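This report is written for someone meeting the structure for the first time.

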Amino acid sequence: MTLLEHRLERALTAQDEELWLLVRDTHPQVILNVTLNKSLNEGMAISLAKRRNTPAEALGFLAGDVRFKDSYKLKLALCRNPRTPQRVSFSLLKFLRIFDLGDLSRDQTVPVIMRQKIELMITEKIPSLPSGVSMALAKRSSSSIVMGIMARGDYKVVNVCLDSPVITETHLCEIINRRDCKPTIIYAISEHPKWSLRYAVKYSLIRNFRTPMLHVTRFIPEMKTNDLRELYDSETLPRSTRPFIYSELRERGETAEVMEEESYEISEDDDPDN
């Protein structure tokens with residue numbers, strides 16, 4: 001009997017320390033045999049579920065093992081393992097707590113399609129979540145979930161969302177430019193010590209009719225001249241904002257007309273290659 005054959009045989013019947021040694025074996029068939037061992041306990045099953053070299057077949061077997069049907073830790077470990085069959089992971093998501101789902105939504109080792117499924121599950125629950133839960137979730141979830149939480153417009157929750165490391169300038173410009181963006185979101189961004197300093201955010205805030213005039217007049221002098229001209233010429237610019245832009249341009253000795261780029265035509269006589 002070869003050493004591998006011995007390990008395969010012992011994997012089915014070993015106990016205690018010997019079984020733990022076989023749980024750590026690297027051979028796929030040995031691991032599969034271990035999952036069939038009657039002495040396999042929850043701790044061993046979780047250890048197998050966490051390992052990236054555990055065969056997908058073994059992970060699927062652990063998910064359906066009646067011995068561990070009440071093991072929350074095993075379900076979570078299986079969902080975190082990118083080698084777990086997709087159908088198995090999807091079937092386990094409904095058993096996970098919302099904060100663990102939030103963590104998984106940011107875990108880059110989790111397959112994209114699974115993270116998208118998680119984001120959809122959480123987004124559907126957002127309207128009914130208490131503020132405290134929403135704030136805690138915003139600290140540990142993906143940008144899509146944080147944006148969904150922010151869209152509710154709860155001022156305290158919005159401020160927590162703005163401090164999330166997954167939120168970017170692009171995300172904020174997107175939400176500011178939405179027609180259904182709530183005033184509390186605009187107020188929070190306008191007053192935020194970090195985001196109210198970002199140029200693109202200030203530009204978007206100036207265009208939004210919900211932005212308090214106190215902040216609009218603060219942002220206008222910080223804009224580039226040509227951007228002010230574009231804002232002044234924009235059909236979506238609030239009427240109340242246009243006089244302040246006009247005044248700022250006059251102070252700079254500029255007009256409100258958008259400067260067009262000059263174009264030149266090269267005649268055949270001017271072609272240096274001829």
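Which residues does Ile113 touch, not counting residues up to four places away in sequence? In this predicted model, Ile113 touches Gln86 and Phe90 once those neighbours in sequence are set aside. Ile113 lies in helix α9, which covers residues 112-125, and with a relative accessible area of 42% Ile113 is partly exposed.

## The whole protein

The protein has 18 helices and zero strands. Its radius of gyration is 29 Å, well over the 19 Å that the globule rule gives for 274 residues, so the protein is more spread out than a compact globule. Taken along the principal axes, the C-alpha atoms fill a box of roughly 95 × 65 × 25 Å.

Of the 274 residues in the protein, 42% are buried. Among the contacts with a separation of 6 or more, 56% are accounted for by residues 24 or more positions apart. The accessible surface of the protein comes to about 15600 Å², and carbon and sulfur atoms hold 52% of that surface.

## Helix α3 and its cover

Is helix α3 largely enclosed by the rest of the structure or largely open? Helix α3 takes in residues 28-35, and six of its eight residues are buried, so the helix is largely enclosed by the rest of the structure. The buried residues are Val30, Ile31, Leu32, Asn33, Val34 and Thr35. What covers these buried residues includes α1 (3-13) and α2 (16-23), together with α4 (42-50) and α5 (56-64).

## Salt bridges

Side chains of opposite charge can pair when their charged atoms come close. Counting pairs in which a side-chain nitrogen of Lys or Arg lies within 4 Å of a carboxyl oxygen of Asp or Glu, the protein has ten salt bridges.

| Salt bridge | N to O separation |
|---|---|
| Arg7 and Asp25 | 2.8 Å |
| Glu174 and Arg178 | 3.4 Å |
| Arg229 and Glu254 | 2.6 Å |

The salt bridge between Arg7 and Asp25 links distant parts of the chain, for Arg7 is in helix α1 and Asp25 is in the loop between α2 and α3, 18 residues apart. Arg7 is partly exposed, with a relative accessible area of 22%, whereas Asp25 counts as buried at 10% relative accessibility.

Arg229 counts as buried, at 5% relative accessibility, while Glu254 counts as partly exposed at 33%.

In the salt bridge formed by Glu174 and Arg178, Glu174 is partly exposed at 43% relative accessibility, and Arg178 is also partly exposed, with a relative accessible area of 29%.

Most residues other than glycine have a negative phi. Asp16 is a residue other than glycine with a positive phi, near 50 degrees. Asp16 is found in helix α2, and with a relative accessible area of 57% Asp16 is exposed. Asp16 and Ile113, the residue that opened this report, are 97 residues apart in sequence, and their C-alpha atoms are 38 Å apart in space.

Is Ala188 buried or exposed? Ala188 is buried, because its relative accessible area is 1% and buried means under 20%. Ala188 is found in helix α14, residues 183-191. Leaving out residues up to four places away in sequence, Ala188 touches Tyr155, Val158, Asn159 and Leu162. Ala188 and Ser128 are 60 residues apart along the chain, and their C-alpha atoms are separated by 22 Å.

Note on methods
Residues numbered from 1 in each chain as written. Predicted model: local features only at pLDDT ≥ 70, side-chain atom pairs only at ≥ 80, totals over all residues. Heavy atoms only, no water. Helix = DSSP H or I, 4+ residues; strand = E, 2+ residues; numbered from the N terminus. Rg over C-alpha atoms; globule rule 2.2 N^0.38 Å. Buried < 20%, exposed > 50% of the residue type's maximum accessible area, 1.4 Å probe, protein only. Contact = heavy atoms within 4.5 Å. Areas by Shrake-Rupley, 256 points an atom, 1.4 Å probe, with all protein chains shown as cover.
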